[in-house]
Amino acid sequence: MTIELKKLTKRFGALTAVDSVDLTVGDGEVLCLLGPSGCGKTTTLRMVAGLELASEGEVYLGGKNVSDRAARDRNVAMSFQFYALYPSLTVAENLAFPLYGEGLSKTEIEVRVARISDTLQLGGILNRTPGQLAEGEKQRVAVGRSIIRDPTCFLFDEPLSRLDVQLREEMRGEIKLVLQDLSRPTVIVTHDQLEALTMADRIAVMRDGRIEQVDTPHNVFQRPKNLFVAGFIGTPQMNLLTATLTASNGANAEFAISGGQTIMIDVDPRISELSPGTDVTLGVRPRNLEISNEPTPDGISTTIDIVEPMGAETLVHLSDGQHVLRLVTDWRVPLNEGDKVHTRFLPGTTHIFTADEQVLRTP
Amino acid sequence: MANTAKTRSGFGAWLLDPKRRGALLVAPAITILFVMNIFPLMWSFGLSFFNYKASSLKVPTFKGFDNYGKVLTDERVWERFQTTAIIVSSSVIMQLIIGFLMAMMFAKVFPLRRIVLMLVLTPMMLSFVSVGVFFKLFYEPTFGIVSFVLNFFTEERFVLLGSPEGAILGIVIADAWMWSPFVMLLVLAGLVSVPKYLYEAAEIDRASKWRTFWTITFPYIKSLLLLAVLFRTIETFKLFDVVYIITDGGPGSTTETIAVYLYRTAFQFFKTSQSSALAYIVLFIVIVLTNLYLYAVNRREEEVE
């Protein structure tokens, strides 16, 4: 079984919510659709489910073109953002609900409900109605109801968005465990990058109805394809500095950072495609910056604006007069607001983005 | 400011004191309410224990519970209650069915929905008297539209109100025509309160239309349906104007509801005390029904929360 989307497009009047999306999700693979709200990720999911019909393009489930079929004829399982538990039914009846259409015997239904309630530890609440459940329990029932059948694929719409932080971490682990056992393609929609990074085999980052990058969580973080992905993934956000290339020898390059300072860093060989004088954006993650006492050629001088202790680490806001830089360092490093310090860019960590916002990197 | 306050003195100042302003403002309303409603209510309650006749000059004497005993043992009163029960139950059932079907229709979006909805709601806003007159004219054997249309098929005049069953049907149709939109409004409120994602979940879970209705839709409207039944029962129980105008209780006394009978006892036969007693019995029944209704309202509120 696979999910295949070909040039999938959805228009609502003049608005294009999803713009020509191509995507393949393999058997047993977990793919996260990640993006800011309004980027079209939920609409994409609903088109896979059949709750929305595509304006253009095709949806293939298990190799079959189901683009014109209604949701009930696609045999998908889906868990909704607001859980969508049936308020008049008990937990056990909610779990059994998708099985009523399968023509199973009563005992077979009971066996399956028992198996799911064991997996998700719902034994104690089987006779309660959704109104009597805590948020975390509702979430588990919703997940249980979606995995009780053997569908062509599993779809989760913002599965953890309504839980508080602690419960979210707990459920993330639980869902990941459940997902590992599913041998069907799974799509999770989320706006929370931590959720995507921890649960997904691959992440599709979306913006304005388009997919910006599809890659493993590791690559999305380490090798962002463009400025948007670089800025969207990772907390604290990646530092982005506008600069002009002044000289390069193929391995190292010198940039004039707007504001007047220059920096010499090692770069990708593709730098040779750029001629001196080209405007670029330098991107470096807060954990790849280092405070040094001496001025170095691969660093710039900065002033400490704000010091935010975060427990094991400290987040420092620095200013070079033009840009605000975020730096994360060990909590033991002594720092005072107003101090002038030198900030080094650690070797091999700077991403270079050209004027069209694409990264300059050897694939 | 200090000056004007100083110039007022005595009763005027006492009356216009800010402390009394609130009481002063509601005084006219309270007075009218007392004179027009509360006093007659108490007075008639008192009358129900005497043998008073509004048409006679005899000094009334105290009779205790005689009037209540007389009313409750009167076979005619029980007949009128039966007639009322038949009209109430058939009318409420008809309103429920029609109202429910209309609500299902209006829950969907279709062209001109707002305008049609507005038109459908108008009967509810008409006065009882005009509805009564409309239907009396509709049913009129010689000129009425019902007779006129049926004339094409039977070539005979159609006298709906001639038979007891026909007369009851005529009243029930008029009442249901007027009040089905009310039931529709209540049911519609329930239908639109169902979250859309529940239907989507049922679609994903491949539930049949029938199962979807009973699992999702019905729980959302059942308490509102109960409210509609109770409210319409209370109202129809007191039905007077429409019956009085369309059939005047006839033929014979076959459509004489308890309200019409009460009116006749009081203002045609002038058995004032006896009718007061009957009125209090009716009031008692309505109070019981109203409490049931309030209980249902409270339960609905708890459910919504």
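**Domains, chain contact and a helix pair**

Five residues of domain 1 of chain A touch five residues of domain 2 of chain A, where a contact means that the C-beta atoms of two residues, placed from the backbone, lie within 7 Å. On the domain 1 side, the residues that touch domain 2 of chain A comprise three nonpolar, two polar and no charged residues. Here Ala, Val, Leu, Ile, Met, Phe, Trp, Tyr, Cys and Pro count as nonpolar, Asp, Glu, Lys and Arg as charged, and the others, Gly among them, as polar. This is a predicted model, in which local features need pLDDT of at least 70 and side-chain atom pairs count only at pLDDT 80 or more, while totals for chains, interfaces and linings use all residues. Residues are numbered from 1 along each chain as its sequence is written, and chains are lettered from A and ligands numbered from 1 in the order in which they are written.

In chain A, domain 1 covers 3-232 and domain 2 covers 239-353, with bounds taken from an automatic or database domain assignment. The centres of these two domains of chain A, taken over C-alpha atoms, are 39 Å apart.

Chain A as a whole has eight helices and 20 strands; helices (H or I, at least four residues) and strands (E, at least two) are DSSP runs, numbered from the N terminus. Along the principal axes, the C-alpha atoms of chain A occupy a box of roughly 75 × 45 × 35 Å. Of its 363 residues, 38% are buried, that is, have 20 or more other C-beta atoms within 10 Å of their own, with C-beta atoms placed from the backbone. Of the contacts in chain A between residues at least 6 apart in sequence, 65% link residues at least 24 apart.

Between the chains, the contact involves 18 residues from chain A and 13 residues from chain B. Strand β6 (residues 76-79) of chain A supplies the largest share of the chain A side, three residues. By class, that side of chain A has 15 nonpolar, two polar and one charged.

Within chain B, helix α6 (residues 113-125) and helix α9 (residues 164-192) have axes that come within 7 Å and cross at roughly 120 degrees. Axes are lines fitted to C-alpha atoms, for helices over the stretch in contact, and angles run from 0 to 180 degrees between N-to-C directions. α6(B) and α9(B) are therefore oblique to each other, since angles under 35 degrees count as roughly parallel, over 145 as roughly antiparallel, 65 to 115 as roughly perpendicular and the rest as oblique. V120(B), L121(B), P123(B) and M124(B) of α6(B) meet W177(B), M178(B), W179(B), P181(B) and F182(B) of α9(B). This contact of α6(B) with α9(B) has nine nonpolar, no polar and no charged residues.

How values were computed. A residue is buried if 20 or more other C-beta atoms lie within 10 Å of its own, exposed if 12 or fewer, and partly exposed in between; C-beta atoms are placed from the backbone.
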